[in-house]
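Visitor: I'm new to this one. Can you walk me through it?

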Amino acid sequence: MQSNALLHAESSVTQHFNDVGFMSQLREQMIRFTQTQLRDAEIAEDIVQEALLGAVKNLKAFAGRAAFRSWVFAILKNKMLDHIRKQGRAPATHSIDAEEFNEKGHWQQEAKPMPWQCPEAGLKQEQFMVILELCLNKLPGSQAQVFMMREFLGLSSDEICTEVEITESNLHVLLYRARMGLQKCMANNWLHDDRQATLQKSIKKNLTHTSQKNR
Amino acid sequence: MNCQKASELASRQYDQPLSLSKKISLKFHLLICKHCRNFNKNIEQLSHSMQSFLRGDDNKDQKTDTSDSDDSDSQLK
Ligand SMILES: [Zn+2]
């Protein structure tokens, strides 16, 4: 019984690893995520490699790609945390420059948040993450970094402040700016008429020039 | 409270507990302001989606408000 399960797990993993398209896409995605935290491309690749190897070593019954991906990302998350804890890094801080608001603090016309139309349209998790990634890449590095520490790595505000040596109010500003930018970017990318076409275009664009966040 | 302040608090509530008075004024503003409500919903969804991505639930049921009644897709003949 047990060996059966093991056999199944093994074949399932092998299957994932043999799917070159899936694996290279996953690897790319992992590297981009990692680079929001560690700007050093080489270290990012090392960490991703380690995480992938870790996934192979710890064979588990993966029900499908989603399970496999989440397993790999869980390992990645731990590796990134390890790395961050070893060497904290201070991001540049930003002041609140709220161009979204007028002098009275009301939303500017073009900045008014639009509702995302995901629910019954059934935008899949995976597609959401692709767009999120695109949008993360458009943020200033320090914003992307703390956002990922908070939402992806799940660190508390206190922990983040300690790790990157910023004050709490700085952190709130950075997270606020990050969320503001992301929700705007996500809305823009989802509200298109032909969503699928937009998505395909953005995936291609993203794959060709992966790292273009010099602003 | 204006929209700028409200959206700042909306963001902050995901990172630290707000004081009661801030919570109340935020709630009140959200009741009367559609834009800030959208903002709040969007950033909540951001966080929510990251979490479910990490958990590996690949389906889109964001709302679990359907209590444990039967599945709608039950195959009755
Ligand atoms: Zn408002």
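Visitor: Is E100(A) buried or exposed?
Guide: E100(A) counts as buried, because its relative accessibility is 2%. Buried means under 20% relative accessible area, exposed over 50%, and partly exposed in between, with a 1.4 Å probe and protein chains only.

Visitor: Before we go on, what am I looking at?
Guide: This is a predicted model, where local features need pLDDT of at least 70, side-chain atom pairs count only at pLDDT 80 or more, and totals for chains, interfaces and linings use all residues. Residues are numbered from 1 along each chain as its sequence is written, chains are lettered from A and ligands numbered from 1 in the order in which they are written, and side-chain values use heavy atoms, with hydrogens and water left out.

Visitor: Back to E100(A). Which residues does E100(A) form salt bridges with?
Guide: One is R177(A), with the closest N and O atoms 3.0 Å apart. Another is K184(A), at 3.4 Å from N to O. A salt bridge here is a side-chain nitrogen of Lys or Arg within 4 Å of a carboxyl oxygen of Asp or Glu.

Visitor: Where do E100(A) and R177(A) sit in the chain?
Guide: E100(A) is in the loop between α4 and α5 of chain A, and R177(A) is in helix α8, 77 residues apart. Helices (H or I, at least four residues) and strands (E, at least two) are DSSP runs, numbered from the N terminus.

Visitor: What does R32(A) pair with?
Guide: R32(A) forms a salt bridge with E133(A), the closest N and O atoms being 2.4 Å apart. That links helix α2 (residues 20-37) to helix α5 of chain A, with R32(A) and E133(A) 101 residues apart. R32(A) and E133(A) are both buried.

Visitor: New topic. What is chain A built from?
Guide: Chain A has 9 helices and 0 strands. It has 215 residues, and 48% of them count as buried. Take its contacts between residues at least 6 apart in sequence: 74% join residues at least 24 apart. Contact means heavy atoms within 4.5 Å.

Visitor: How do the two chains meet?
Guide: 32 residues of chain B are in contact with 43 residues of chain A. The chains bury about 3400 Å² between them, 62% of it on carbon and sulfur atoms. Buried area is the accessible area (1.4 Å probe) that two parts lose on being put together, summed over both.

Visitor: Which residues of chain B lose the most area to chain A?
Guide: L46(B), M50(B) and F53(B), together 22% of what that side buries.

Visitor: How many salt bridges cross the interface?
Guide: The rule finds 2. R179(A) forms a salt bridge with D15(B), the closest N and O atoms being 2.9 Å apart. R179(A) and D15(B) also belong to a network of salt bridges with R150(A) and E151(A).

Visitor: Which helices of chain B supply at least two residues of the side that touches chain A?
Guide: α1 (3-12) and α3 (34-55) each do. The largest share of that side, 16 residues, comes from α3(B).

Visitor: What span should α3(B) have?
Guide: Its 22 residues should span 32 Å at 1.5 Å a residue, and its end C-alpha atoms are 31 Å apart, which agrees. The expected span is 1.5 Å times one less than the number of residues. Just after α3(B), G56(B) takes a positive phi of about 85°.

Visitor: And α1(B), how many of its residues are buried?
Guide: 8 of its 10 residues are buried. Among them are C3(B), L9(B) and A10(B).
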